[in-house]
Amino acid sequence: MKHIVKILTLLVAVSALWIGLLQASIIPHGHAWLLPIYFIVSLGCYGLLMVGIGLMTFPTCPREGLLLQQDIDEAKEYLKHKGVDINSN
Amino acid sequence: MAEQEKERNKYSLIVPTYNERLNIALLVYLIFKHLPDVDFEVIVVDDGSPDGTQEVVKELQGVYGEDRILLRARPRKLGLGTAYCHGLKHASGNFVVIMDADLSHHPKYLPSFIRKQLQTGADIVTGTRYVKGGGVHGWNLMRKLTSRGANVLAQTLLWPGVSDLTGSFRLYKKSVLEDIISSVVSKGYVFQMEMIVRATRKGYHIEEVPITFVDRVFGISKLGGSEVVEYLKGLLYLLVTT
């Protein structure tokens, strides 16, 4: 099944639930009508929250930059020794 | 038993290059340093670099041997996806590793890819920057924001099952790579994402290992401004085709 079909199925199921709620009037109509808005807003909030958390906990590795520089110097030394010409033209 | 398997396995490292004469030499040195007891070959697919990348590779062949370093050049820039296909045709190993030449993928992680594969029998081992032990160095806030946004969007819409979609440091069983690559059509940046999403959908066993990513030290980053648009188009494309 294509992925878009899965997502659409999910949306249809949620819509069906919503219409069911509207019909059954378990909760006041005014609130039930606004549910899709709540849904979209909370989806947006979820996205922003995840991006926020992702940004705050973004794994960085400043030490790796230094380690790589050491590796590069070591490699350059070896290659020079072996006579490989690595200088830019 | 794992030791015996290690003896039999051969790893083909495919490295596409364009104007990487310095980086390819450094990379090859580091690969040999970190894989002392492993049977492997490095396949350099060079797209007609004008900076003399191919001459450097030939010199490296003189140092390390023509059976360990294979130069499989192409006449001009023909794209990343086809570069892998091209390299794959010449690969003699039963495993293939795909990595960038610009040293953002450090060869010191190769042993952990191999170990992970031996331990789990995975079809694909993919490097991820976004777990404990992984990380990125050299990105500004904007780059981080774009990356996180793109990741949240893709995780929400595609459910890919891996934490790092656009990373391209990966180890594949050769047959698996051959199977997936034939069905991938995207180019450039989206290519890596399509590979891993298609692999997930086909039900292949995918494992992750943490890697650190140090943004290119030498040369300019090849990602352009239209990257975001391409990414969104790619996401949409994957939504309707996978």
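User: In this predicted model, which strand of chain B holds Val15(B)?
Analyst: The model is a predicted one. Within chain B, Val15(B) belongs to a strand, and that strand is E1.

User: Is Val15(B) buried or exposed?
Analyst: A residue counts as buried if 20 or more other C-beta atoms lie within 10 Å of its own. Val15(B) has 26 C-beta neighbours inside 10 Å, so it is buried.

User: Leaving aside its neighbours within four places in sequence, with which residues is Val15(B) in contact?
Analyst: Val15(B) is 18 residues from Lys33(B) in sequence, and their C-alpha atoms are 17 Å apart in space. With the neighbours within four places in sequence left aside, the contacts of Val15(B) are Leu27(B), Val42(B), Ile43(B), Val44(B), Met99(B) and Ala101(B).

User: Where does Asn19(B) lie, and what is its phi?
Analyst: Asn19(B) is placed in the loop that runs between strand E1 (11–17) and H2 of chain B. With 20 C-beta neighbours inside 10 Å, Asn19(B) counts as buried. Most residues other than glycine have a negative phi. Asn19(B) is not a glycine, yet its phi is positive, at about 55 degrees.

User: Where is Leu103(B), and how many other C-beta atoms lie within 10 Å of this residue?
Analyst: Leu103(B) sits in the loop between strand E4 (95–98) and helix H5 (110–120) of chain B. Its phi is positive, near 70 degrees, in a residue other than glycine. Leu103(B) is buried, and the number of other C-beta atoms within 10 Å is 25.

User: Which residues does Asp47(B) contact, leaving aside its neighbours within four places in sequence?
Analyst: Asp47(B) is part of the loop between strand E2 (40–46) and H3 of chain B. Asp47(B) is buried, with 20 other C-beta atoms within 10 Å. Apart from its neighbours within four places in sequence, Asp47(B) is in contact with Tyr18(B), Arg74(B), Arg76(B), Lys77(B), Leu78(B) and Ala83(B).

User: How far apart in space are Asp47(B) and Arg72(B), C-alpha to C-alpha?
Analyst: In sequence, 25 residues separate Asp47(B) from Arg72(B). In space, the C-alpha to C-alpha distance between Asp47(B) and Arg72(B) is 9.1 Å.

User: How does Ser163(B) count by its C-beta neighbours, and what does this residue contact?
Analyst: Ser163(B) is found in the loop between H6 and strand E7 (170–173) of chain B. There are 16 other C-beta atoms within 10 Å, so Ser163(B) is partly exposed. Leaving aside neighbours within four places in sequence, its contacts are Thr128(B), Tyr130(B), Val131(B) and Glu208(B).

User: Why are H6(B) and H9(B) roughly parallel to each other?
Analyst: Helix H6 (residues 141–158) and helix H9 (residues 227–241) of chain B pack with their axes 11 Å apart. Angles under 35 degrees count as roughly parallel. H6(B) and H9(B) are therefore roughly parallel to each other, as the angle between them is about 10 degrees.

User: Which residues make the contact of H6(B) with H9(B), and how do they divide?
Analyst: From H6(B), the contact is made by Thr146(B), Ala150(B), Leu153(B), Ala154(B), Leu157(B) and Leu158(B). H9(B) gives Val228(B), Tyr231(B), Leu235(B), Leu238(B) and Leu239(B). These residues divide into 10 nonpolar, one polar and no charged.

User: Which element gives the largest share of the side of chain B that touches chain A?
Analyst: Between the chains, 36 residues of chain B are in contact with 27 residues of chain A. The elements of chain B that give two or more residues to this side include helix H2 (21–34), helix H3 (53–64), strand E6 (135–137), strand E9 (212–214) and H9. By class, the side of chain B that touches chain A has 18 nonpolar, 12 polar and six charged residues. The largest share, eight residues, comes from H6(B).

User: Does helix H2 of chain A lie buried or in the open, and where is its kink?
Analyst: The 28 residues of H2(A) (residues 29–56) should span 40 Å at 1.5 Å a residue, and the end C-alpha atoms are 40 Å apart, which agrees. The number of buried residues in H2(A) is zero, so the helix lies largely in the open. Leu43(A), in this helix, counts as exposed, with 11 C-beta neighbours inside 10 Å. The kink, of about 40 degrees and shortly before the proline Pro36(A), lies at Leu35(A).

Definitions and conventions:
Residues are numbered from 1 along each chain as its sequence is written. Chains are lettered from A and ligands numbered from 1 in the order in which they are written. This is a predicted model: local features need pLDDT of at least 70, side-chain atom pairs count only at pLDDT 80 or more; totals for chains, interfaces and linings use all residues. Helices (H or I, at least four residues) and strands (E, at least two) are DSSP runs, numbered from the N terminus. The expected span of a helix is 1.5 Å times one less than its number of residues. The bend at a residue is the angle between axes fitted to the seven residues ending there and the seven starting there. A residue is buried if 20 or more other C-beta atoms lie within 10 Å of its own, exposed if 12 or fewer, and partly exposed in between; C-beta atoms are placed from the backbone. Axes are lines fitted to C-alpha atoms, for helices over the stretch in contact, and angles run from 0 to 180 degrees between N-to-C directions. Angles under 35 degrees count as roughly parallel, over 145 as roughly antiparallel, 65 to 115 as roughly perpendicular and the rest as oblique. Two residues are in contact if their C-beta atoms, placed from the backbone, lie within 7 Å. Ala, Val, Leu, Ile, Met, Phe, Trp, Tyr, Cys and Pro count as nonpolar, Asp, Glu, Lys and Arg as charged, and the others, Gly among them, as polar.
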